[in-house]
Amino acid sequence: MTTDLNVDELLAPLPDKVRKNRSKHIVKKDPSGGSCPQIEANTRTVPGIITQRGCSYAGCKGVVVGPIKDMLTITHGPIGCAYYSWGTRRNKARADERTPPEQIYTAMCFSTDMQESDIVFGGEKKLAKMIDEAVEIFHPRAINICATCPIGLIGDDLSAVAKAAQERHGIPVIHYNCEGYKGVSQSAGHHIANNQIMERIIGTGTEKVDGKYVLNILGEYNIGGDTWEIERILGEIGYTVGSTLTGDSAYAKIKNMHRAHLNLVQCHRSINYIAEMMETKYGIPWLKVNFIGIDATIDTLREIARCFGDEDLIARTEHVIERELAAVTPEIERCRKVLKGRTAFAFVGGSRSHHYQFLLRNLGMEVVVAGYEFAHRDDYEGREVIPTIKSDADSKNIPELHVEPDPEEYRPPHLHLKMSKEKYDELAASGILNDYKGMYPDMVDGGIMIDDANHFETEELVEIFKPDLIFTGIKDKYVTHKMGLPSKQIHSYDYSGPYTCFRGAVTFAKDVAHSLSTPAWKMITPPWEQSGTGGD
Ligand code: CFM
Ligand code: HCA
């Protein structure tokens with residue numbers, strides 16, 4: 001199924017220095033076993049290369065804090081940054097018992113719209129005025145202010161503006177110094193957002209969260225409604241979801257997240273900082289989960305139940321699994337007939353290229369090339385490499401938050417879990433709790449893992465591996481369409497979703513089966529093969 005790739009040949013057209021750099025970002029799964037060879041990741045993209053990465057502001061505002069529905073999030077900067085990060089990510093939100101529709105701001109775009117004169121004379125006054133207007137018109141519970149590149153360059157003091165506004169209005173005003181140029185990708189922005197959420201929001205609530213087993217879902221952003229499907233299943237088994245971070249989440253709930261018994265971590269890359277800090281400060285253990293793929297969902301549900309060890313819960317888990325499986329199996333089997341034996345190239349941000357391998361496998365497909373835009377070495381190689389690397393390149397820009405156990409709240413993890421210390425130690429030792437395995441062990445033998453792939457490499461790899469499907473973002477989607485290759489926009493799901501759990505697997509299977517069986521791809525003549533076009 002895989003091809004014998006010669007990395008030197010692949011990179012041969014590149015200049016020497018670039019070739020040397022890029023060769024460290026490509027690793028092949030060794031069929032004879034063994035651990036993952038070291039892969040270079042989370043380092044600066046070679047200038048001039050067309051990367052698929054985004055910036056720190058995108059990671060902080062667009063990814064982590066933007067989806068908090070009852071916080072009014074202001075982009076302090078040019079309108080283009082605000083517009084780009086607004087509405088395209090499909091992080092859905094709806095009203096609930098804590099948040100009425102008029103307090104949901106995720107469908108709106110707030111920006112100071114910095115102009116040339118503001119850059120010359122400073123934008124602090126403009127920002128302060130905008131906060132006053134926003135409070136007067138919308139009466140939000142809390143405000144976020146996210147910085148873009150020019151703000152750091154001209155030196156606007158966001159901290160001072162936020163502090164003064166907080167005193168004027170009596171609501172939390174939280175600022176994020178997530179200037180786009182910080183770090184090497186959106187990953188730095190995740191870290192900056194995590195630090196502020198931990199320091200300023202989590203733990204500030206005093207409400208009890210009702211429920212025998214209270215879970216938080218970290219690193220789940222409700223793209224296309226993913227979170228709602230996970231919540232449906234967990235609710236039917238008998239869990240209470242305290243809050244997500246941050247899909248369809250609310251400031252009003254995030255404040256009380258420290259009351260949960262267990263944190264589930266779906267996207268490890270964007271939220272591991274909070275998972276680790278909550279464990280230190282409140283004694284809440286975390287469990288790495290995956291709700292993408294039928295078998296992965298089943299394993300995840302069983303592991304959560306095993307953490308609590310309650311026989312009723314275990315029985316209800318099995319009952320829900322059995323019922324959901326029976327409902328989706330016929331449709332999955334139909335799609336499998338179309339998809340069996342097909343291959344895919346999966347290239348997305350920092351976690352989905354791993355997670356979706358499980359779902360594709362349920363459909364009889366195999367990923368032959370997989371990569372991340374901005375993941376770190378642990379996302380590829382596994383948790384054991386974490387202590388040897390810095391969490392974010394250029395981390396001098398991102399102050400580490402030193403979190404001490406909170407004596408009021410801290411209980412050893414096994415008490416939060418309602419289990420004995422022996423049971424906790426046993427689960428931790430068996431690798432269930434607080435553990436994280438990277439992409440490499442789940443790759444197909446001979447498969448290729450690539451970090452921060454660029455347009456040139458993507459086109460070459462498509463040419464060599466001839467996959468039947470490619471996962472892309474918006475920047476590479478149409479390039480591959482022109483090559484006659486169906487793509488699935490796996491960031492936004494191309495207007496579809498949810499793709500999580502059992503029902504989500506069916507929606508995904510149908511979307512992919514339709515995509516791969518449409519005759520359109522055979523009718524495409526790439527521009528460079530059309531006569532008289534000159535190849536443009
Ligand atoms: Fe996590 Fe995400 Fe991803 Fe990510 Fe993203 Fe996203 Fe993504 Mo786009 S938080 S790392 S920074 S799973 S926005 S919901 S799809 S690149 S693979
Ligand atoms: C981001 C958000 C993004 C972009 C996806 C894309 C998303 O990184 O700024 O390039 O199409 O999921 O919306 O990853």
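# Exercises on a predicted model

Asp378 is buried, at a relative accessible area of 4%; buried means under 20% relative accessible area, exposed over 50%, and partly exposed in between, with a 1.4 Å probe and protein chains only. The model is predicted, so local features need pLDDT of at least 70 and side-chain atom pairs count only at pLDDT 80 or more, while totals for chains, interfaces and linings use all residues. Residues are numbered from 1 along each chain as its sequence is written, chains are lettered from A and ligands numbered from 1 in the order in which they are written, and side-chain values use heavy atoms, with hydrogens and water left out.

## Exercise 1

Step 1. Helices (H or I, at least four residues) and strands (E, at least two) are DSSP runs, numbered from the N terminus.

## Exercise 2

Describe the largest cavity and its lining.

Step 1. On a 1 Å grid over the protein atoms alone, a cavity is a set of points where a 1.4 Å probe fits but cannot get out; lining residues have an atom within 4 Å of a point. Grid points are joined across faces, edges and corners, and a volume is the space filled by probe spheres set on the points.

Step 2. The count is one cavity of 30 Å³ or more. The volume of the largest cavity is about 40 Å³.

Step 3. The lining consists of Asn21, Arg22, His25, Arg44, Thr45, Val46, Ile49 and Asp452.

Step 4. Ala, Val, Leu, Ile, Met, Phe, Trp, Tyr, Cys and Pro count as nonpolar, Asp, Glu, Lys and Arg as charged, and the others, Gly among them, as polar. The lining of the largest cavity then splits into two nonpolar, three polar and three charged residues.

## Exercise 3

Give the volume of the largest pocket and describe what lines it.

Step 1. A pocket is an open set of points with protein on both sides within 12 Å along at least five of seven lines. The largest pocket has about 980 Å³.

Step 2. Its lining has 47 residues, and the closest to the centre are Val63, Arg89, Gln489, His491 and Ser492.

Step 3. Elements that give two or more residues to this lining include helix H3 (56-65), strand E10 (343-348) and helix H20 (474-482). H20 gives the most, with five residues.

Step 4. By class, the lining of the largest pocket has 15 nonpolar, 20 polar and twelve charged residues.

## Exercise 4

Compare the reach of helix H21 with its expected span, then list its buried residues and what covers them.

Step 1. H21, residues 501-517, has 17 residues and reaches 24 Å from its first C-alpha to its last. The expected span is 1.5 Å times one less than the number of residues. For H21 the expected value is 24 Å, and the reach is close to it.

Step 2. The buried residues of H21 are Cys501, Phe502, Gly504, Ala505, Val506, Phe508, Ala509, Val512, Ala513, Ser515 and Leu516.

Step 3. Their cover includes helix H10 (226-237), helix H14 (311-339) and strand E13 (469-472). Contact means heavy atoms within 4.5 Å.

## Exercise 5

Locate two cis peptide bonds and two residues with positive phi.

Step 1. Most residues other than glycine have a negative phi, and most peptide bonds are trans.

Step 2. The bond from Leu245 to Thr246 is cis, with omega near -5°, and Thr246 is in strand E7, residues 240-246. The bond between Gly497 and Pro498 is also cis, with omega about -5°; Pro498 is in the loop between strand E14 (487-489) and H21.

Step 3. Asn42 has phi near 60° and is buried at 7% relative accessible area. Asp494 has phi near 50°, sits in the loop between E14 and H21, and is partly exposed at 23% relative accessibility.

## Exercise 6

Classify the aromatic pair of Tyr356 and Phe471, and explain what it ties together.

Step 1. Rings of Phe, Tyr and Trp (its six-membered ring) pair if their centres lie within 6.5 Å; planes under 30 degrees apart count as stacked, over 60 as edge-to-face and the rest as tilted. The structure holds 14 aromatic pairs.

Step 2. For Tyr356 and Phe471 the centres are 5.7 Å apart and the planes stand at 80°, an edge-to-face pair.

Step 3. Tyr356 lies in helix H15 and Phe471 in strand E13, so the pair ties together parts 115 residues apart in sequence.

Step 4. Tyr356 is buried, at 1% relative accessibility, and Phe471 is buried with a relative accessible area of 1%.

Step 5. Tyr356, Phe471, Tyr493, Tyr499 and Phe508 form one aromatic cluster.
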